[in-house]
Amino acid sequence: QVQLVESGGGLVQPGGSLRLSCAASGIRFSIFAMDWYRQTSGKPRELVAGISSGGSTNYADSVKGRFTISRDNAKNTMYLQMNSLKPEDTAVYYCNANLRTSVFSRTDYWGQGTQVTVSS
């Protein structure tokens, strides 16, 4: 079955760094687009960063210049390097794998999430 397992979350001081990982199994990883989302209590899940199967990247304005998304297809793993962390980056971070299967449909898989807390 499909599994996406996030790791690397934790508590960090403002200005610090964390590196999140998302290890995928049960899918042909290289053909999937991969995204990082985050969610705080009472708010909708928001897209943080994405990387296409071809390696193109996109970022939310709030993290541009601070976060870097990458993928290693040989290891079936996606990463999110987070630098200059701010308290407002505190959230549960989720890994998403998605594949458009037709003009009207898309297959999505989600990880269980990892907590990132930025606090002094």
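**Entry 1: the cysteines**

I looked up Cys 95 and found it buried, at a relative accessible area of 0%; buried is under 20% relative accessible area, exposed is over 50%, and partly exposed lies in between, with a 1.4 Å probe and protein chains only. The model is a predicted one, where local features need pLDDT of at least 70, side-chain atom pairs count only at pLDDT 80 or more, and totals for chains, interfaces and linings use all residues. Residues are numbered from 1 along each chain as its sequence is written, and side-chain values use heavy atoms, with hydrogens and water left out.

I then searched the whole structure for disulfides (a pair of cysteine sulfur atoms within 2.5 Å) and found one. Its members are Cys 22 and Cys 95, with the sulfur atoms 1.9 Å apart. I noted -65° about the S-S bond, which makes the link of Cys 22 and Cys 95 left-handed. Cys 22 sits in strand S3 (residues 18-25) and Cys 95 in strand S9 (residues 91-100), so the bond ties together parts that are 73 residues apart in sequence. I took strands as DSSP runs of E of at least two residues, numbered from the N terminus; helices would be runs of H or I of at least four. Cys 22 is also buried, with 0% relative accessible area.

**Entry 2: strand S8 and its partners**

I checked strand S8 (residues 77-82) for burial, and five of its six residues are buried. I counted two strands as paired if DSSP finds at least two bridges between them. S8 pairs with S3 in the antiparallel sense over six bridges, and Thr 77 in S8 is the bridge partner of Ala 23. S8 also pairs with strand S7 (residues 67-72), again antiparallel and over six bridges. There I found Leu 80 of S8 as the bridge partner of Ile 69.

**Entry 3: positive phi**

The hairpin of S7 and S8 has four residues between the strands. In this loop lies Asn 76, with a positive phi of about 50° although it is not a glycine. I recorded Asn 76 as partly exposed, at a relative accessible area of 26%.

Ser 84 is another residue other than glycine with a positive phi, near 50°. I placed Ser 84 in the loop between S8 and S9. Its relative accessibility is 41%, so Ser 84 counts as partly exposed.

**Entry 4: the nonpolar core**

I looked for nonpolar cores, meaning sets of buried Ala, Val, Leu, Ile, Met, Phe, Trp, Tyr and Cys residues joined through side-chain atoms within 4.5 Å. The largest has 28 residues, of which Met 34, Trp 36, Met 78, Leu 80, Met 82 and Tyr 93 touch the most other members. The elements giving two or more residues to this core are S3, strand S4 (33-39), strand S5 (46-51), S7, S8, S9 and strand S11 (114-118).

**Entry 5: Val 2**

Which residues is Val 2 in contact with, leaving aside its neighbours within four places in sequence? I found Ser 25, Gly 26, Ile 27 and Tyr 109, with contact meaning heavy atoms within 4.5 Å. Val 2 belongs to the segment before strand S1 (3-7). From Val 2 to Ser 25 I noted 5.7 Å, C-alpha to C-alpha, for a separation of 23 residues in sequence. Val 2 is partly exposed, with a relative accessible area of 28%.
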